[in-house]
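Please report on the fold of each chain in this model. Cover the helix packing and a few individual residues.

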Amino acid sequence: MRSDWIISGCGHVAIFVAGLVTLASSKPNADVSNFVPVAVVTDTDVSRAALGQENAPNQSKPKPLADKIDIPKQVEQVAPKAAPKPEIKTDAAPPKPQQKPPEQKPDPKPKAAQKPDKKDPQFKPDKIADLLKKDEKQKPREQKETQQPLKYDASEIAQLLDHRDPRRELASGSVLNQEASLGAPNAAPDAQLSQSEIDALRQRIRECWSPPPGVDSDTNIYVELRVLFRPDGSLAQPPVVVAGSASPLGPALAESGKRALLQCQPFTMLKPEHYAQWRDITVNFNPRELSN
Amino acid sequence: MSSSSLELVTLFWHAHWIVKLVMVGLLVTSVWVWAIAINKTRLFARIRKAGDYFEQAFWSGEQSFEELYKTFAAANGHSTDALFVAAWEEWKRSIEAHVRSLAGLQVRIEKKMNVTIAREIEHMERRLLVLATVGSAGPFVGLFGTVAGIMSSFQSIAASQNTSLAVVAPGIAEALFATAIGLVAAIPATIFYNKFAAEVNRQAQRLEGFADEFSAILSRQIDERG
C-alpha cells in the first residue's frame with residue numbers, strides 16, 4: 001500500500017507541475033489596446049436624441065456657409081492659389097474638434113500619437129501655445145522662435161500659404177453644419193407607447209365606462225374625445241369631442257365617455273418618460289370594442 | 001511571466017483559510033483515491049492471474065490434489081487456490097484423523113469454503129467504501145469551499161467598495177478552484193468505485209462457482225469412500 005501512496009503522490013505532483021507549465025505558457029487575454037469602446041444605447045436615449053430641446057438657443061442667424069471640401073474635381077478649374085487669410089482661420093477651427101473630441105478616449109496612446117502627426121503648418125501656432133503652457137523649461141527657447149518672425153524662413157512662408165487643394169469641391173451645408181437643431185415643434189420621439197400601456201389604458205377606461213341607456217355592444221356608434229394629460233396622468237382640461245357618428249345617442253355617449261375619463265384620472269399606467277406620447281391623445285369610444 | 005507561472009500557487013495562497021483547508025483536504029483525498037485505485041488494480045490483476053493459473057492446473061488433471069495442495073499452500077493466494085487449499089486442508093485433517101462419519105465432512109468443507117469466500121471478498125472490498133464516499137461527498141466538500149470563498153470575496157468587495165472585475169474575479173476564481181479540486185477527486189473515485197465493485201462481483205461469482213464444483217467432486221469422493 002505504501003508504494004501505491006508514493007506512486008499516487010508522485011502522479012499528483014507531476015500533474016501539478018504540468019499544470020503550472022501549461023498555464024504559464026498560455027498568454028493573458030489579447031491586447032488591451034484592441035478593445036473597442038461600446039456604448040449601450042437604449043430606447044430612451046434614442047427618443048431623447050430625436051427630441052428637440054425646449055431650452056435650446058433660438059437659431060435665427062443663418063447657418064454657416066459651407067466651405068469647400070478637399071476633393072479634386074475632374075474638370076480643371078482656374079482658381080486663385082491662395083485664399084484670403086482670415087478664411088483659413090475660420091475653417092481651420094471647425095475640423096479641430098473632430099480630431100480631438102472632448103469625450104475621453106479609452107487609450108491615451110492615439111492622442112499622443114496624433115500630436116506629432118500634426119505636421120500641418122496651420123496648426124503650428126496652437127501647438128506652440130500648448131507647449132508654452134505645459135513646458136516651463138522650454139519656454140525661453142520657444143519664445144525665441146516666435147520672437148524672430150522677420151528672419152527668412154522657407155517653412156514659415158509655406159505656413160502662410162494655403163495648402164489645400166485649389167480644386168476642392170464645395171460641400172453641402174448639412175455635411176459641415178454639426179450644430180444641434182431646435183427640433184420641429186411637433187417632433188415625436190422614436191420611442192413608442194408600449195402595447196402594455198395602451199392595453200392598460202384601454203382596460204382602465206373599460207372598467208370606468210358605463211354605457212348610456214340605449215347603447216349596447218350591438219350599437220354601431222362611436223365618439224372620439226381629445227384628451228390632454230398632465231405629466232402625473234390627470235386630465236389637464238375636460239375632454240373635447242372631436243368626432244362622432246351622427247346619431248341621437250351621440251351626445252349621451254360623449255357625456256358618458258367624458259364622465260369615465262374624469263372619474264378614472266389620474267391614469268398612472270402611463271409612464272412619465274413617454275409623456276410626450278400621451279400628452280395629447282384621442283380616445284375612441286366605441287361600444288363594440290369597449291363592451292367586450 | 002513569473003507571476004502567471006505561479007498562478008496556481010498564488011491562487012491557493014490568497015484564498016481564505018477555510019478554502020485552503022478544503023483544498024488541502026481534497027488534494028490529500030485525491031492522492032488517497034489514486035493510491036487505492038492503484039492498489040486495487042494491482043490486487044485484482046494478481047487475483048485474476050493466480051485464479052487462471054490455478055484453475056488451469058486444477059482442471060488439467062496432471063497433478064493430484066495432494067500435489068496441487070503442496071504447490072499452492074505456500075503461495076497464500078487470494079483466489080480459487082485459497083478455496084482449494086482451505087477445503088483440502090479440512091479434508092486431509094478429517095481423513096488423517098480417521099473420522100467415523102464422512103457425512104459431517106461434507107458440511108465442514110462447505111462451511112470452510114464459505115468462510116474463505118467471505119474472507120476473500122472482504123479483502124477485495126476493503127477501502128472501496130472510501131472511493132464511494134469520496135465520489136459522493138467530494139463535490140459537496142468542494143462546493144462548500146467555493147461558497148465559503150465567494151462569501152469571503154464578497155466581503156472583501158464590500159470592504160474595497162469597488163465592483164470592477166479586477167477586484168471580483170480573483171476571489172471567485174480561487175473559490176471555484178475548490179470545486180474544481182473536489183471534482184478532480186470525486187470523478188476518478190466514482191469511476192474506480194464502479195469498476196472495482198463490478199470486479200468484486202465477478203470474482204465472487206468465480207469463487208462461488210469453483211466452491212460448488214469442488215464440493216461436488218469431494219462429495220463424490222466421500223460417497224465413494226463411504
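**Overview**

This is a predicted model. Chain B is made of helices: its secondary structure comes to eight helices and zero strands. From the N terminus on, its elements run α-α-α-α-α-α-α-α. Chain A has 13 helices and five strands.

| Chain | Quantity | Value |
|---|---|---|
| Chain A | Buried residues | 6% of 292 residues |
| Chain B | Buried residues | 31% of 226 residues |
| Chain A | Contacts joining residues at least 24 apart, among those at least 6 apart in sequence | 80% |
| Chain B | Contacts joining residues at least 24 apart, among those at least 6 apart in sequence | 81% |

**Helix H3 of chain B**

Does the span of H3(B) agree with its length, or disagree? H3(B) has 44 residues, which should span 64 Å at 1.5 Å a residue. Its end C-alpha atoms are 64 Å apart, so the span agrees. Just after H3(B), B:Gly61 takes a positive phi of about 75°.

B:Lys40 is found in this helix. Is B:Lys40 buried or exposed? B:Lys40 is buried, because 23 other C-beta atoms lie within 10 Å, and the cut-off for a buried residue is 20 or more.

**Helix H6 of chain B**

H6(B) covers residues 102–125, 24 residues in total. From first C-alpha to last, H6(B) reaches 35 Å. That is close to the 34 Å expected at 1.5 Å a residue.

Which residues of H6(B) are buried? They are B:Leu105, B:Ile109, B:Met113, B:Thr116, B:Ile117, B:Glu120 and B:Met124. An α-helix has 3.6 residues a turn, so residues three or four places apart point the same way.

B:Arg127 is partly exposed, because 16 other C-beta atoms lie within 10 Å; a residue is buried at 20 or more and exposed at 12 or fewer.

B:Lys40 and B:Arg127 are 87 residues apart in sequence, yet 9.1 Å apart in space, C-alpha to C-alpha.

Two packed helices are described by the angle between their axes and the distance between the axes. Two pairs in chain B involve H8.

Take H3(B) and H8(B). Their axes come within 9 Å and cross at roughly 20°. The two helices are therefore roughly parallel to each other, since angles under 35 degrees count as such. Their crossing is left-handed. By class, the contact of H3(B) with H8(B) has 20 nonpolar, five polar and four charged residues.

Now H7(B) and H8(B). Their axes come within 7 Å and cross at roughly 175°. H7(B) and H8(B) are therefore roughly antiparallel to each other, since the cut-off is over 145 degrees. The residues of this contact divide into 24 nonpolar, 13 polar and one charged.

**Two sites in chain A**

A:Lys258 lies in helix H11 of chain A, residues 250–264. A:Lys258 is partly exposed, because it has 19 other C-beta atoms within 10 Å, while a buried residue needs 20 or more.

What does A:Lys258 contact, leaving aside its neighbours within four places in sequence? A:Lys258 is in contact with A:Leu225, A:Pro238 and A:Pro239. A:Pro239 is 19 residues away along the chain, and its C-alpha atom is separated from that of A:Lys258 by 6.0 Å.

A:Ser210 lies in a loop of chain A, between helix H10 (195–208) and strand E3 (223–228). A:Ser210 counts as exposed, because it has 11 C-beta neighbours inside 10 Å, and the cut-off for exposed is 12 or fewer. A:Ser210 and A:Arg259 are 49 residues apart in sequence. In space their C-alpha atoms are 9.1 Å apart.

Technical notes: Residues are numbered from 1 along each chain as its sequence is written. Chains are lettered from A and ligands numbered from 1 in the order in which they are written. This is a predicted model: local features need pLDDT of at least 70, side-chain atom pairs count only at pLDDT 80 or more; totals for chains, interfaces and linings use all residues. Helices (H or I, at least four residues) and strands (E, at least two) are DSSP runs, numbered from the N terminus. The expected span of a helix is 1.5 Å times one less than its number of residues. Two residues are in contact if their C-beta atoms, placed from the backbone, lie within 7 Å. Axes are lines fitted to C-alpha atoms, for helices over the stretch in contact, and angles run from 0 to 180 degrees between N-to-C directions. Angles under 35 degrees count as roughly parallel, over 145 as roughly antiparallel, 65 to 115 as roughly perpendicular and the rest as oblique. A crossing is left-handed if the near helix is turned anticlockwise from the far one by less than a right angle, and right-handed if clockwise. Ala, Val, Leu, Ile, Met, Phe, Trp, Tyr, Cys and Pro count as nonpolar, Asp, Glu, Lys and Arg as charged, and the others, Gly among them, as polar.
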